[in-house]
Every structure is written in structure tokens, then in C-alpha cells.
Amino acid sequence: MDIQNIVRENIKNLKPYSSARDEFKGTAKVFLDANENPVDVYGDGLNRYPRPLQDRLKQKISDIKQIPFENIFLGNGSDEPIDLLFRIFCRPGVDSVITMPPTYGMYEVSANINDVGVKNVLLNKDFTIDVDAIISEADDETKMIFVCSPNNPTGNCFSKESIIKLLENTNCIVIVDEAYIDFAECESVKSLVLEYNNLVVLQTFSKAWALAGARLGVAYSSTEIIDYLNKVKAPYNINSLTQQRVYEVLSKNMHNNLSQIKIERKRLQNELKSIDCIETVFESEANFILVKTQDASKLYDYLVSEGVVVRNRTTQPRCENCIRISVGTTEENNKLLEELKRYSM
Ligand SMILES: *Cc1c(COP(=O)(O)O)cnc(C)c1O
């Protein structure tokens, strides 16, 4: 696909801000180029600006994920690349994107912020994707398609074949949000970015990596799209603390409780099936479980009154009376199950 063709004119012509750290890349003894405080007052190096392109951390991620450095963009959470993609490809008041409810709410919010239209192509009743409907919805003004896999809040993955069909049969940027991929049996499609220049794959350190507070999202894409993301981002979008901390976690092979969460997910699924007030327990490839009940708002209020907060999804299409439950610790899950049993009595 010709990416240049759908980039906004102002972005194509944009001359990006060139920071002090961009302009001088060699080694030197004296840095008097960025108006920083010359003294490391707190002993943590924070008197200096962070690395603008996060080269050290990005190289580490590249080695671990086996994706070339130049196909990786790091953002302040996944929200940053989502917003930047709107700003690169979508003309406010003119263009549109396609989302597939029920799904993550941020795509629509980001579209609204950027004054970009949203075309909703609902998932099928069994939560599979209606590829043909999406392809026929995509017109000349449709610039991006958001595919969340595993999908939040339904928990299922979409097939690689359906994603390839979208990549090959539309003139859109296809954004595959894999925030929950580490919990899933299905495979990441990130290596496809080397084949399809209109694909963007989003991952995050917020879920399986237990670093939600660090705010680090990763976008894998063609070098053409990565170059635009780098051109449009704020010069120092990832702070030094986050760059250092995530590098350390990736280097030290730190304790990871992924398998524990998957065991708890299985147990929770089984237990939920035997509880009277739960009508359906949907399969999940993520670290949450969607359940259908008789009256989601009533159940939600009851749980809150007992100090257990879950996510009421009843207003989402295809999710009437559904509640999304994150997999917690064994103790937290036991408390939830206990309250659900009491509610059912
Ligand atoms: C949690 C989540 C994210 C993560 O967002 P961050 O900004 O990286 O914390 C992204 N996409 C989906 C679908 C999510 O549920």
C-alpha cells in the first residue's frame, strides 16, 4: 500500500522539532546545549533530559521480541501511539475510522478528540469479526481499522487470516491492539509488520509485565509509519525513570506471575460456571473473564457495597447484563466467589 497517499499534508510537510539531544549524538565532556541544571542534585541523573528515541531500551526490546529496532516505537502507554496515528492519518472533520464494538473505549475517545468519525461494525453474536462487513464499510475517507485481539471485554482472539484479509483488501492502516497477547494461546501478528506496511501492532507493559504505573506502550510497524510516529511525538515522550526501570526488568529476568494468573483464570472460570447468578461464562484468552448475569447493574451495586469492584459492561452492544472481572490474586478471587455465592442465595 502507498502509505504516503493517506498521510495528512501538514504532517508530510512537517519539519519536526530538533532537540539538543537529537542534534549532538557523539561523546563529549561538557554539555551546555540543553539549558539543564548541570548538577545531579538528587543523585539519580534526572537533571538531564531523557534519551529522545530510547535507543538503549528499544534495542533491548528489539533483541527480546526479535523485531528490528527501526520497526519499533515506544509511547507513553498505548494511548500515545493511538492518538499519534489519528493525527498522522485522519483529517479532522473529514476522515473516519472503523471500530468493532464491543471493544476498548479509547479508540472512539481518541477519534472524538481528533474530530474524526467512527463507523461501528458490530462483532457477530459469537464475538467473531465480520470481515466482509468491515471491507464494505471502508470508503475513501476511512483511514484506520482498530482490531483488538484478544478483545477487551469479550476475551477472544481474531484469526490471523481475518487480519490479513483486512490488510490486503482495504486502503486502511490496520491497528491490531495486542495488550493481552501474553495471556493468550493465539500468536502475535507482530512479525507481519515486515510484510505489510499498513499494519501497526500495539503491545503494552501495563498488563502481563506488571508495569501499568510506568506507562510504556510499544508499537511495531513498517519503517515508514514508525518514522512518522517519531516525527510527530513529543521530543522526550518517555521519561528517564521509565526507560531505566523497564530496561532493568527486561535485563534481570525478574519474577513473573503469568502462569499463576492463567491458573487462577482457569479456576475462576470453572467456579463461576457453578454459581447460580451467573448465566454464561465466556472463554477468555486474557486476564479477565466476561460473564452474563440476570441484572448486571444490580449485581454490580451489590459487589461494590461489599467492597469488590468489577466492570459493568451492560451498556456495550452485545454485552447486555455482562460484567467483566479481572483475574486477581487467589484471595481476591475467593472473596469475589464468596460474595457471588451469597448474592445468589
Ligand atoms: C489495558 C489496555 C491497553 C493498555 O493501555 P496502556 O495505555 O498501555 O496502559 C491497551 N489496549 C487495550 C485494549 C487495553 O485493554
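Cys148 stands opposite Asp177 of strand 5. The model is predicted: local features need pLDDT of at least 70, side-chain atom pairs count only at pLDDT 80 or more, and totals for chains, interfaces and linings use all residues. Residues are numbered from 1 along each chain as its sequence is written, and side-chain values use heavy atoms, without hydrogens or water.

Strand 4 (residues 142-148) and strand 5 (residues 173-177) run parallel, paired over five bridges. Pairing here takes at least two bridges found by DSSP. Strands are DSSP runs of E, at least two residues, and helices are runs of H or I, at least four, numbered from the N terminus.

The open sheet has seven strands in the order 1-7-6-5-4-2-3, with mixed pairing. Strand 1 (72-75) and strand 3 (117-120) form the edges, each pairing on one side only.

Helix 4 (residues 79-89) packs on this sheet; among the strands it touches are strand 4 and strand 5. Contact means heavy atoms within 4.5 Å. The direction of helix 4 makes about 160° with that of strand 4. Axes are lines fitted to C-alpha atoms, for helices over the stretch in contact, with angles from 0 to 180 degrees between N-to-C directions.

Now the ligand. Asp177 puts a side-chain N or O atom 2.7 Å from a ligand nitrogen. The protein covers 93% of the 390 Å² of accessible area that the ligand has on its own (Shrake-Rupley method, 1.4 Å probe). For Asn152, a polar side-chain atom lies 2.9 Å from a ligand oxygen. Asp79 has a side-chain N or O atom 3.5 Å from an oxygen of the ligand. Polar contacts are pairs of N or O atoms within 3.5 Å.

Technical notes
A polar contact is a pair of N or O atoms within 3.5 Å; within protein, one must be able to donate a hydrogen and the other to accept it, and residues adjacent in sequence count only if both atoms are side-chain atoms.
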